[in-house]
Amino acid sequence: MEYMRGYIDRYQGSSKSGEFNWLMQRVSGVALLVLLLGHFFIQHFIGAPVGGAGYAAVAARLSDLGWKLFDMTFVTFALYHGINGIFMVIEDYVYSGWRVFWKGFFWIVGVLYWVLAALTIIPFKG
Amino acid sequence: MNWYQPSASYKWHEGFVAWVLHRVTGLLLILYLFAHEWVISTLQNPQNYSQAMGVLESPIFKLLEVGLWLVAAYHAVNGLRVVLVNFAGAAERSNYKTNVWLFWVIFALVFVAGAIPMLMGLAG
């Protein structure tokens with residue numbers, strides 16, 4: 001795959017320096033810190049359903065538009081941050097043309113998981 | 001051990017340890033996210049939901065949940081330290097070690113604050 005080395009630079013496009021993704025990793029990380037604390041303390045402690053997490057209580061929350069917006073924001077930032085982190089690992093260890101393959105692979109995985117999240121969260125009625 | 005001769009050797013410096021743990025916990029979290037999303041997408045009706053919750057509320061999964069909180073709390077608090085290192089000069093020669101120890105204290109407090117109610121749920 002070494003012959004593909006030229007493509008690595010070509011397909012990095014404007015993010016060749018990695019500067020934008022580096023900055024966005026910090027921005028999305030801080031956003032996730034706020035979202036995670038919200039998710040964790042509101043859902044598990046402050047707003048924990050009385051009598052445990054039965055289907056009715058959980059379904060009622062997941063049907064709420066506000067929580068749908070919260071969850072879509074949360075999963076979008078989490079997937080971006082996670083996949084971007086995997087890209088950083090790939091860039092650290094994969095130097096051959098396999099880099100193009102693995103980055104493409106995780107691009108597809110990320111998009112598919114985002115679609116799965118949207119299909120799970122948005123149409124949910126209970 | 002002379003069969004293994006690394007081309008570079010690493011000093012187990014506080015920052016290096018923090019970095020390795022940050023990378024490992026990050027990879028564990030993205031794997032968790034993939035599994036978590038997959039499970040939730042299959043729980044769209046009361047039967048599947050209660051079946052899955054029967055498994056997920058067993059003591060072993062409750063303990064794994066505390067492990068998840070450990071991993072997530074580490075990654076979150078250390079990530080904040082990384083941001084402060086990058087943008088607020090938290091890794092100067094004069095303050096570096098203090099900040100690493102401060103990080104461990106804050107991480108421990110955050111982890112314990114979350115873990116106590118989880119373990120109480122496990123006992124109760």
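The points that follow are grouped by topic.

This is a predicted model, in which local features need pLDDT of at least 70, side-chain atom pairs count only at pLDDT 80 or more, and totals for chains, interfaces and linings use all residues. Residues are numbered from 1 along each chain as its sequence is written, chains are lettered from A and ligands numbered from 1 in the order in which they are written, and side-chain values use heavy atoms, with hydrogens and water left out.

**Salt bridges**

- Side chains of opposite charge can pair when their charged atoms come close.
- Over all chains, the search of the whole structure finds two salt bridges; a salt bridge is a side-chain nitrogen of Lys or Arg within 4 Å of a carboxyl oxygen of Asp or Glu.
- One of them pairs the side chains of Glu91(A) and Lys103(A), at 2.5 Å from N to O. This pair links distant parts of the chain, with Glu91(A) in helix H4 (residues 65-93) of chain A and Lys103(A) in helix H5 (residues 98-121) of chain A, 12 residues apart.
- Helices (H or I, at least four residues) and strands (E, at least two) are DSSP runs, numbered from the N terminus.
- Glu91(A) is partly exposed at 29% relative accessible area, whereas Lys103(A) is buried at 15%. Buried means under 20% relative accessible area, exposed over 50%, and partly exposed in between (1.4 Å probe, protein chains only).
- Asp92(A) and Arg23(B) also meet through their side chains in a salt bridge, at 2.8 Å from N to O. Because Asp92(A) lies in helix H4 of chain A and Arg23(B) in helix H1 (residues 14-41) of chain B, the pair joins two chains.
- Asp92(A) is partly exposed, with 35% relative accessibility, while Arg23(B) is buried, with 17%.

**Contact between chain A and chain B**

- Chain B gives 28 residues and chain A gives 29 residues to the contact, where contact means heavy atoms within 4.5 Å.
- About 2,400 Å² is buried between the two chains, and carbon and sulfur atoms give 76% of that area. In chain B, the residues that lose the most area to chain A are Arg23(B), Phe34(B) and Glu37(B), together 24% of what that side buries.
- Buried area is the accessible area (1.4 Å probe) that two parts lose on being put together, summed over both.
- Between chain B and chain A there are six residue pairs in polar contact, with both residues at pLDDT 80 or more. A polar contact is a pair of N or O atoms within 3.5 Å; within protein, one must be able to donate a hydrogen and the other to accept it, and residues adjacent in sequence count only if both atoms are side-chain atoms.
- On the side of chain B that touches chain A, H1(B) provides the largest share, 10 residues.

**Nonpolar surface patch**

- A nonpolar surface patch is made by Trp107(A), Ile108(A), Val111(A), Leu112(A), Trp114(A), Val115(A) and Leu119(A), and covers about 740 Å².
- Patch residues have over 30% relative accessible area and no salt bridge; like charges are joined within 9 Å and nonpolar side chains (Val, Leu, Ile, Met, Phe, Trp, Tyr) within 5 Å.
- Val111(A) lies in helix H5 of chain A and is partly exposed at 41%.

**Ser28(A)**

- Ser28(A) belongs to helix H2 (residues 19-46) of chain A and is buried, at 0% relative accessibility.
- Its side chain reaches the backbone oxygen of Gln25(A) at 3.3 Å, and a polar contact of 3.0 Å joins the side chains of Ser28(A) and His81(A).

Methods. Accessible areas come from the Shrake-Rupley method with a 1.4 Å probe; for residues, only the protein chains shown count as cover.
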